[in-house]
Amino acid sequence: HERRAGAVQTFSDAITGSIRDMELPYAVFEVELLPVSPGAAGRDMIQFRFSATGRNAVDVSKCASGGEMSRIMLSLKSMMARYTNMPTMIFDEIDTGVSGSVADKMGSVICSMGENMQVFAITHLPQVAAKGSAHYLVSKTIDPSSSKAVSTIEKLSAEQRVLEVARMLSGSELTDAAIANAKSLLS
């Protein structure tokens, strides 16, 4: 309990700072220790509290939007990665509910985590996909002979990567503007 109580403010401040860096400038994240009967996990129940406005933080599960939750989760995972010795982290659309410059900032956080560990990020956002050092395309088809779904994964070449990021930007019809934008994102 004493170690938890001693870490609450530092941990809360670190997560708040990380969330604010992802375009929630007034957000606060707090950790509250609530007493429970002693057990294998100690005598504390830990509650995460959040406010996007900086006022009246409440249980995060009761107030955070999808985009806010994505930023909170990435901040928590980033902190966890810094202090544990995990060799790999996999994110499955942790960027849900964000776009534009927020997606770009989240991509930078994910990319920085990759400096000390292997990171896989499953994303539909070009801002995040462009940050990686490698790009794989996962696709699913139905085998006509068996009617079973078949998933494939293919590492994209540099040229294929430009086209895939351009497709993520523009949809099914690739435009010169999307290709130019993809090249800019990838640089």
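This report describes salt bridges in a predicted model.

## Basis of the model

Local features require a pLDDT of at least 70 and side-chain atom pairs count only at pLDDT 80 or more, whereas totals for chains, interfaces and linings use all residues. Residues are numbered from 1 along each chain as its sequence is written, and side-chain values use heavy atoms, with hydrogens and water left out.

## Salt bridges overall

The structure contains seven salt bridges, a salt bridge being a side-chain nitrogen of Lys or Arg within 4 Å of a carboxyl oxygen of Asp or Glu. Glu30, Glu32 and Arg49 are joined in a network of such bridges.

## Helix H1 and strand S2

Arg43 pairs with Glu2, with 3.6 Å between the closest N and O atoms. This pair links distant parts of the chain, 41 residues apart: Arg43 belongs to strand S2 (residues 42-51) and Glu2 to helix H1 (residues 2-21). Helices (H or I, at least four residues) and strands (E, at least two) are DSSP runs, numbered from the N terminus.

Arg4 in helix H1 and Asp44 in strand S2 are 40 residues apart; their salt bridge has its closest N and O atoms 3.3 Å apart. Asp44 is buried, at 10% relative accessibility, while Arg4 is partly exposed, at 31%. Buried means under 20% relative accessible area, exposed over 50%, and partly exposed in between (1.4 Å probe, protein chains only).

Lys105 forms a salt bridge with Glu23, the closest N and O atoms lying 3.0 Å apart. Because Lys105 is in helix H4 (residues 100-113) and Glu23 in the loop between H1 and strand S1 (28-39), the pair ties together parts 82 residues apart in sequence.
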